[in-house]
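This briefing covers salt bridges and pockets in one protein model. Please view the sequence and structure below before reading the points.

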Amino acid sequence: MDIDKLKSDASGQIGAAKDLDELNQAAVKWLGRKGALSEFMRRIPELEPDLRREAGQKLNALKKELEALLEEARERISGSAQARDEGLDISLPGRPVAAGSIHPINQVMEEICDIFVQMGFDVVEGPEVELDWYNFEALNFPPDHPARDMQDTFFISGDVVLRTHTSSLQIRTMENTPPPVKVIAPGKVYRCDSDVTHTPMFHQVEGLLVGDGISFADLKGALTLFVQKMYGPNTPIRLRPSFFPFTEPSAEVDIGCVICRGSGCRVCSGTGWLEVLGSGMVHPNVFKNVGYDSSLITGFAFGLGVERIAMLKYGVDDLRRFFENDLRFLSQF
Ligand code: DAH
C-alpha cells in the first residue's frame, strides 16, 4: 500500500483541475465512497497487526489534507471564473499604490521641535490670521514705526494681518500663563516677497524662555546645543549685535558654514559663516504689555526660518523648489 504515491497523485490531479468538472471527477476518484482513499482504508485489516495503526493515522491525515486542497481548488476555480466573467485578467501584476510621505519642510520643522522638546520646551500654536496687536504692537513695534518695514505685511483689514512671524505666540502665550514660560512655536508665516530665497509663505520656529535669572549665557547655551544637534557637534556659532524691537540686546546668530566648514565658499559668500536666526533678551516693554513684572523676571527669545535650515541641510539652492510640488524633487527626501 503506497500511501505516499496516493498522496502525490491525488494532490497533483486536484491542483491541476482547470474547471469544476475536472475537480469533481478528481474528488470522486480520490475521495469518493469507492475512491482510492476508501479502498486503502478497507485494506488496512490485511496489513501486519503492528502496521495497521500507523497506516490508519496516515490515511486519516491524508484525507484532511486532500479535502483542504479540494476546497482551495474550488475557490481558485470559482474566483477565476468570476474574474473571467468580469473581463479581468488576474494574472496581470497589480498597480503599485504610491505611498505619501512627510514634506521635507515639515520633516525639518519636526526635527527642530524635537531638539527643543528634549530641552524641556512645550510646543504652542496660534492663528495665521492675526491681530496687529499680537503681530506688532505688543511686540514693541509702535504704529508707523519704521521697524515694521522690515516685514512686508499682507493686510486683511486695518488691524488684521497675515502673521509675518511666529513671534506673535510670545504674546499669546505670556498673556495666558504666569512665568516661568518655556515654549516653541512652529508654523506658517506670510510676507509679500518672492525670489530664489523668499516665498510669500514660509515657516518659522519661535522660541521663548522666561523665568528667574535667565541670562544671555542661557540663550547662547541653548542655541549652541540646538545648532550642534542639527548640524553636528563641531559646528561653531557666532553672535552679532543686531536690532529687533522686541529684544534688547538683540543678536543675529551665525553658524560655521556647513558646506565649506569655514574656509569660504559660494554658499557663505566666502565668509565661512551662515546667518540662521535672530535672537535676544525679551524687551521690558514686551513684559509690560503682557502684565509681567520685568523687575522680577528676564527671558530670551529666538526665531528661525525653517526653509533656510532645510536648504542648508540638504544643499538646495532655490527655495521655491519646496513649494512647486514636483514629485521628482519631493520624493528625494
Ligand atoms: N521675528 C523675527 C523675524 O521674523 C525673528 C526673531 C528675531 C525672533 C529675534 C525672535 C528674536 O524671537 O528674538 O524676523
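K5 and D9 sit four residues apart in helix α1 (residues 3-16), so about one helical turn separates them. Helices here are DSSP runs of H or I with at least four residues, strands are runs of E with at least two, and both are numbered from the N terminus. The model is predicted: local features need pLDDT of at least 70, side-chain atom pairs count only at pLDDT 80 or more, and totals for chains, interfaces and linings use all residues. Residues are numbered from 1 along each chain as its sequence is written, and side-chain values use heavy atoms, with hydrogens and water left out.

**Salt bridges**

- The count is 14 salt bridges, each defined as a side-chain nitrogen of Lys or Arg within 4 Å of a carboxyl oxygen of Asp or Glu.
- K5 pairs with D9, with the closest N and O atoms 2.9 Å apart.
- K5 is partly exposed at 46% relative accessible area, and D9 is partly exposed at 32% (buried is under 20%, exposed over 50%, partly exposed in between; 1.4 Å probe, protein chains only).
- K18 bridges to E22 with closest N and O atoms 3.8 Å apart; K18 is exposed at 66%, while E22 is partly exposed at 30%.
- In the bridge between K313 and E111, the closest N and O atoms are 3.1 Å apart.
- K313 belongs to helix α10 (residues 306-314) and E111 to helix α5 (residues 104-118), so this pair ties together parts 202 residues apart in sequence.

**Largest pocket**

- The largest pocket holds about 1200 Å³ of space.
- A pocket is an open set of points on a 1 Å grid over the protein atoms alone, where a 1.4 Å probe fits, with protein on both sides within 12 Å along at least five of seven lines; lining residues have an atom within 4 Å of a point.
- Grid points are joined across faces, edges and corners, and the volume is the space filled by probe spheres set on them.
- There are 39 lining residues, and H198, E275, V276, G305 and R308 are the closest to the centre.
- Strand β9 gives the most to this lining, with six residues.
- The lining divides into 16 nonpolar, 13 polar and ten charged residues (nonpolar: Ala, Val, Leu, Ile, Met, Phe, Trp, Tyr, Cys and Pro; charged: Asp, Glu, Lys and Arg; polar: the others, Gly among them).

**Second largest pocket**

- The second largest pocket has a volume of about 200 Å³.
- Its lining includes H103, P104, L327 and F333, and divides into seven nonpolar, four polar and no charged residues.
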